[in-house]
There are 2 protein chains.
Amino acid sequence: MEQNLQDTLSFLTRTPAVLNALLRDQPETWTLRNEGESTWNPFNVVGHLIHAERKDWIPRAKIILQFGESRTFEPFDREGNLRECEGKSLAELLDEFARVRSQNLDELRAMNLRPEDLARRGSHPSLGVVTLSALLATWAVHDLTHLHQISRIMAHQYREAVGPWSEYLGVLKCSGHSSSS
Amino acid sequence: MEQNLQDTLSFLTRTPAVLNALLRDQPETWTLRNEGESTWNPFNVVGHLIHAERKDWIPRAKIILQFGESRTFEPFDREGNLRECEGKSLAELLDEFARVRSQNLDELRAMNLRPEDLARRGSHPSLGVVTLSALLATWAVHDLTHLHQISRIMAHQYREAVGPWSEYLGVLKCSGHSSSS
């Protein structure tokens with residue numbers, strides 16, 4: 001199943017507004033609490049999304065279009081969010097995420113990608129051969145992975161408060177699916 | 001760990017805007033596709049949230065305040081969303097959800113709940129004795145359960161499209177945690 005590029009764009013434009021509605025001007029319970037030692041809080045997740053905007057999606061799309069499989073992508077630094085977050089408020093990070101996302105979507109639209117471009121191949125340092133189509137679909141699902149993660153982190157803060165209802169609340173049964181999400 | 005009622009209110013006010021940003025005027029890929037037979041799509045989830053606004057949170061809070069443990073809550077109909085959805089567009093459901101949520105939060109604020117009110121007990125048809133505090137905390141985590149679910153349903157539509165990246169995308173490893181979420 002291929003992606004539909006218009007659907008992908010339509011989704012990607014919304015994430016900054018979703019995170020604004022969910023997190024901006026919220027009490028620390030919902031923004032600065034995490035799921036335990038060495039886990040991220042929602043503030044850290046927004047920093048990670050900004051870092052991915054700078055280093056992952058569009059830079060890798062350009063490598064595919066310019067060099068194909070002959071130039072392997074640089075590995076993505078999953079701790080790069082720490083530098084993005086340093087000294088910033090959540091409001092500043094949300095503004096920054098909206099700005100870099102909007103710029104990147106402008107760049108994506110300006111590429112005027114045709115179906116044959118989407119089939120072009122690149123070289124991932126761990127996954128091997130990947131297509132531009134899969135890279136752009138991953139951009140959207142990466143947002144969803146982190147929305148899924150943020151909803152779980154927020155729910156965790158009320159794990160005790162819900163009392164016996166916890167058995168009906170699916171999000172409290174989700175233990176996460178990787179080190180960062 | 002108890003909830004902080006102001007934090008709960010601050011969270012609950014946001015969910016209509018979160019769902020608007022995520023779903024309104026989006027292509028059917030993101031709103032009308034589900035995870036397979038007998039599963040919900042995001043449109044169905046919004047119908048379920050409306051049904052819970054009408055039948056669950058405030059009606060049960062009133063039963064606790066008026067009758068305590070002497071009157072058991074009516075069981076919640078998890079298929080009640082089907083009636084809410086019938087003949088409606090997603091835009092209509094999102095408008096309706098925002099309206100009923102706002103009315104319910106006005107009712108909650110008007111109750112002027114004190115700490116001793118939050119400790120009052122009611123009788124759940126399956127869970128037994130519950131507190132008003134736990135009911136209100138559950139209201140918030142129920143929203144988060146369904147935001148977690150919607151992010152998973154949306155991601156599922158690109159399960160194949162992301163190619164080998166699927167192993168890095170936590171949301172694609174989440175298989176859900178109950179019949180409805």
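The legends below describe close-up views of a predicted model.

Local features are given at pLDDT of at least 70 and side-chain atom pairs at pLDDT 80 or more, whereas totals for chains, interfaces and linings use all residues. Residues are numbered from 1 along each chain as its sequence is written, chains are lettered from A and ligands numbered from 1 in the order in which they are written, and side-chain values use heavy atoms, without hydrogens and water.

View 1. A:Thr15 belongs to helix H2 (residues 15-23) of chain A; helices (H or I, at least four residues) and strands (E, at least two) are DSSP runs, numbered from the N terminus. A:Thr15 counts as buried because its relative accessibility is 7%. Buried means under 20% relative accessible area, exposed over 50%, and partly exposed in between (1.4 Å probe, protein chains only). With neighbours within four places in sequence left aside, A:Thr15 is in contact (heavy atoms within 4.5 Å) with A:Phe97, A:Arg101 and A:Asp143.

View 2. Rings of Phe, Tyr and Trp (its six-membered ring) pair if their centres lie within 6.5 Å; planes under 30 degrees apart count as stacked, over 60 as edge-to-face and the rest as tilted. Over all chains there are six aromatic pairs. A:Trp57 and A:Trp139 form a stacked pair, at 6.2 Å centre to centre and with 10° between the planes. The pair links distant parts of the chain, with A:Trp57 in helix H5 (residues 57-67) of chain A and A:Trp139 in helix H9 (residues 132-156) of chain A, 82 residues apart. Both A:Trp57 and A:Trp139 are buried. One aromatic cluster is made up of A:Phe11, B:Trp30 and B:Tyr158.

**View 3. Arg71 over Phe67 in chains A and B.** In chain A, the charged end of A:Arg71 sits over the ring of A:Phe67, 3.8 Å from its centre. In chain B, the charged end of B:Arg71 sits over the ring of B:Phe67, 3.8 Å from its centre. The criterion is NZ of Lys or CZ of Arg within 6 Å of the ring centre and within 35 degrees of the ring normal.

**View 4. H4 against H9 in chain B.** The axes of helix H4 (residues 42-55) and helix H9 (residues 132-156) of chain B come within 10 Å and cross at roughly 170°. H4(B) and H9(B) are therefore roughly antiparallel. Axes are lines fitted to C-alpha atoms, for helices over the stretch in contact, and angles run from 0 to 180 degrees between N-to-C directions; angles over 145 count as roughly antiparallel. Among the residues that meet are B:Leu49 and B:Ala52 in H4(B), and B:His146 and B:Ile150 in H9(B). By class, this contact has eight nonpolar, four polar and two charged residues. Ala, Val, Leu, Ile, Met, Phe, Trp, Tyr, Cys and Pro count as nonpolar, Asp, Glu, Lys and Arg as charged, and the others, Gly among them, as polar.

**View 5. Helix H1 of chain B.** Helix H1 (residues 5-12) of chain B is mostly covered, with seven of its eight residues buried. Its buried residues include B:Leu5, B:Leu9 and B:Phe11. The buried residues of H1(B) pack against H2, helix H3 (28-31) and H9 of chain A, together with helix H2 (15-23), helix H7 (90-110) and H9 of chain B.

View 6. A:Asp25 has a positive phi of about 60° although it is not a glycine. A:Asp25 lies in the loop between H2 and H3 of chain A and is exposed, with a relative accessible area of 67%. B:Asp25, also not a glycine, has a positive phi near 60°. B:Asp25 is exposed, with a relative accessible area of 69%.

Technical notes
Parallel < 35°, antiparallel > 145°, perpendicular 65-115°, else oblique.
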